[in-house]
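Dear colleague,

Here is the structure I said I would pass on. Please look through the sequence and the model first; my notes come after.

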Protein chains: 2
Amino acid sequence: MNFSFAVLKTDAAGARRGRLTTPHGIIETPAFMPVGTQAAVKSLRNEALEELGAQIILGNTYHLYLRPGHQLVRKLGGLHRFMSWDRAILTDSGGYQVFSLSELRKVTDEGVRFRSHLDGAEHLLTPEKAAEIQLALGSDIAMVLDECIETPAPRQTAEAALERTTAWAKRARRYFLECARQNGRLSQWQFGIVQGATFPDLRRLSAQQLVELDFPGYAVGGLAVGEPHEVTCEMTAQATELLPREKPRYLMGVGRPEQIADYVALGIDMMDCVLPTRAARHACIYTSQGRVLIRNARYAQDPSPLDPECRCSVCQRYTRAYLRHLFAAGELTAAILATHHNVHFYLDFMRQIREAIEFGNLAKFSSEVQARYAAGPA
Amino acid sequence: MNFSFAVLKTDAAGARRGRLTTPHGIIETPAFMPVGTQAAVKSLRNEALEELGAQIILGNTYHLYLRPGHQLVRKLGGLHRFMSWDRAILTDSGGYQVFSLSELRKVTDEGVRFRSHLDGAEHLLTPEKAAEIQLALGSDIAMVLDECIETPAPRQTAEAALERTTAWAKRARRYFLECARQNGRLSQWQFGIVQGATFPDLRRLSAQQLVELDFPGYAVGGLAVGEPHEVTCEMTAQATELLPREKPRYLMGVGRPEQIADYVALGIDMMDCVLPTRAARHACIYTSQGRVLIRNARYAQDPSPLDPECRCSVCQRYTRAYLRHLFAAGELTAAILATHHNVHFYLDFMRQIREAIEFGNLAKFSSEVQARYAAGPA
């Protein structure tokens with residue numbers, strides 16, 4: 001068993017400095033996971049991700065199941081080998097994408113039936129199937145299938161989804177443990193997902209029910225989908241208060257730089273978000289001084305780096321004027337350079353967060369970041 | 001004066017192993033120049049080009065004049081500094097793009113009036129203006145403005161274009177030398193361009209007229225635009241026979257791997273072509289065994305590298321199955337990896353060509369390549 005998690009230090013607010021060990025290396029937490037939806041972090045070679053110090057990336061089960069297919073990936077030695085990435089990988093369950101991307105989805109107690117957004121073919125995703133796919137992919141951390149609903153949701157809808165999510169979590173856990181027993185060893189960690197929409201008591205109920213299933217880690221899902229940041233924080237707090245302190249906690253799909261420290265202060269250890277990579281492709285650059293919209297005419301003759309305080313290889317070499325030109329000219333290189341920088345920004349940001357926890361000054365760090373990002377993009 | 005060219009060895013057929021020295025480094029010839037149209041070789045960071053050993057790249061005057069503009073580039077320190085590339089750069093004159101990309105072009109003895117393909121704005125490109133733009137860009141090698149015509153062309157059209165090309169070359173040379181005199185030093189080499197369509201005697205006449213203008217190097221233009229390979233070779237031969245042996249010769253816009261050795265055998269020292277980069281973006285991979293169309297279903301489970309004989313960083317790490325998946329999924333990383341490999345293939349191919357000249361076996365090398373590429377893509 002090559003998995004472990006240790007909380008190295010906790011600050012007064014509840015932020016945790018930890019270390020997650022996997023068969024594919026150590027992840028210093030709190031950690032941000034760049035998103036590699038289709039077995040690639042968009043615009044970056046793995047070599048770049050290694051240079052940037054990424055210790056874990058996220059793969060999307062929904063996408064990889066549809067294309068190239070989990071059986072093909074397994075045949076070629078698993079996702080790590082398929083994409084030639086030997087650091088850690090977390091895969092989601094596919095649930096969120098089924099609910100957001102696919103057509104004609106129909107949820108029953110059995111699972112969710114949907115049509116592929118690629119070719120319209122019909123598929124059935126069950127808790128067991130989601131676990132099976134992720135075992136075939138061979139990710140280090142797998143997520144259970146949950147039922148995702150839109151928020152705000154009527155209480156009745158949220159209750160029904162929660163009940164189903166817990167029932168699915170039980171089935172997923174049972175299936176996973178049976179597979180592990182048959183294999184004789186555990187090459188993957190399976191995390192449960194707390195749901196409950198925006199109802200504090202449902203979030204607590206969900207957390208309690210999942211804790212009983214004794215997952216090695218827990219995620220908080222269904223948040224940061226449009227509700228106010230305060231609500232995201234409140235719901236997260238309801239969950240983390242009840243989750244075991246010795247196990248890792250993952251807040252799914254977050255977040256903006258000015259929000260990350262808040263989540264960390266609530267005891268979150270892991271996050272993922274398409275923001276740094278997607279924003280980069282749209283010429284939105286994250287810097288120590290706030291967001292820079294690099295297409296802006298004001299940068300046409302600007303010989304300074306994207307971020308004067310940044311030490312990434314893009315900022316060491318290229319200017320704002322050049323990046324602006326590449327975006328204006330529609331060059332692929334624009335996305336490559338901007339993505340490299342933005343992912344560096346996020347990973348370096350997490351390094352600063354970890355340092356702030358160690359020195360006990362996360363609150364100060366957080367308020368400084370918020371001040372710089374309050375002004376809006378430049 | 002930091003420019004020089006030396007022919008180190010000539011083989012029996014007439015192939016030349018040479019060395020071109022510029023203020024931005026040495027170029028071993030015969031050389032292939034990757035095309036960086038808009039101040040970037042598509043899909044590649046400069047770091048990748050350096051890893052690949054590119055000693056010179058090509059920039060397009062037409063594109064850079066329209067966007068970001070040569071005055072802006074000059075203000076920011078010239079093209080090398082603007083794009084952060086400190087190895088050699090050759091810029092074309094803009095003539096070919098004016099004739100192929102712009103609208104409503106009208107050629108007079110003064111120059112060519114055209115509308116930008118970007119915004120429809122009217123511009124006048126004269127021999128002097130083309131030289132001025134390239135001096136502002138600060139490329140190491142600049143090309144004179146020539147009149148490009150479609151082939152096959154009536155003899156009368158070809159004669160008129162030739163006459164104008166020579167007249168423009170005289171004006172460009174005069175303008176350039178006057179600028180150099182005023183500057184007190186020569187920071188650029190200016191090359192003449194032999195035209196003459198597909199008429200052997202016109203090609204000879206053009207070469208003779210240009211030689212009289214005493215350029216430090218000569219290009220052969222207006223070829224490889226649809227005519228049979230044998231005609232390209234015949235026209236090239238007509239020109240190179242008359243061009244000074246001690247000066248570099250550049251065949252513009254070529255070529256396919258199976259053709260390159262033929263051009264080299266005719267005494268060509270430099271080439272450029274969008275083929276390796278453009279083909280890469282369309283999933284066409286150049287390998288030691290011929291072309292591989294990597295989207296083909298046969299590669300879906302192929303765990304071998306793109307080219308088992310290739311030593312590039314892509315072939316060291318990634319599989320055909322993975323590349324095929326990235327193309328199928330529409331990932332930008334597909335273009336990045338395929339371009340890296342294809343440019344490596346071309347640059348390594350030129351290394352083999354240079355070695356073959358040194359060992360006196362270019363003909364054997366050439367026939368082996370042709371055999372491998374004769375079968376068509378796999």
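Below is what was found, starting with the conventions and then going from the chain interface to the inside of each chain.

This is a predicted model, in which local features need pLDDT of at least 70, side-chain atom pairs count only at pLDDT 80 or more, and totals for chains, interfaces and linings use all residues. Residues are numbered from 1 along each chain as its sequence is written, chains are lettered from A and ligands numbered from 1 in the order in which they are written, and side-chain values use heavy atoms, with hydrogens and water left out.

Interface of chains A and B

Chain A and chain B each bring 43 residues to the contact (heavy atoms within 4.5 Å). About 3500 Å² is buried between the two chains, 52% of it on carbon and sulfur atoms; buried area is the accessible area (1.4 Å probe) that two parts lose on being put together, summed over both. Of the area that chain A buries against chain B, 20% is supplied by R45(A), R317(A) and H325(A), more than by any other three residues.

The interface holds six salt bridges (a side-chain nitrogen of Lys or Arg within 4 Å of a carboxyl oxygen of Asp or Glu). One salt bridge joins the side chains of R317(A) and E47(B), at 3.9 Å from N to O.

On the side of chain A that touches chain B, α1 (46-52), α3 (70-75), α4 (79-83), α12 (320-328) and α13 (332-359) of chain A each supply at least two residues. Helices (H or I, at least four residues) and strands (E, at least two) are DSSP runs, numbered from the N terminus. The largest share, six residues, comes from α13(A).

Within the chains

Over all chains, the whole structure has 44 salt bridges. In one of them, R16(A) pairs with D269(A), the closest N and O atoms being 2.9 Å apart. R16(A) lies in strand β2 (residues 16-22) of chain A and D269(A) in the loop between α10 (257-265) and β14 (270-272) of chain A, 253 residues apart.

In chain B, P257(B), I260(B), A261(B) and V264(B) of α10(B) meet residues of α13(B), including F345(B), F349(B) and I353(B).

Regards
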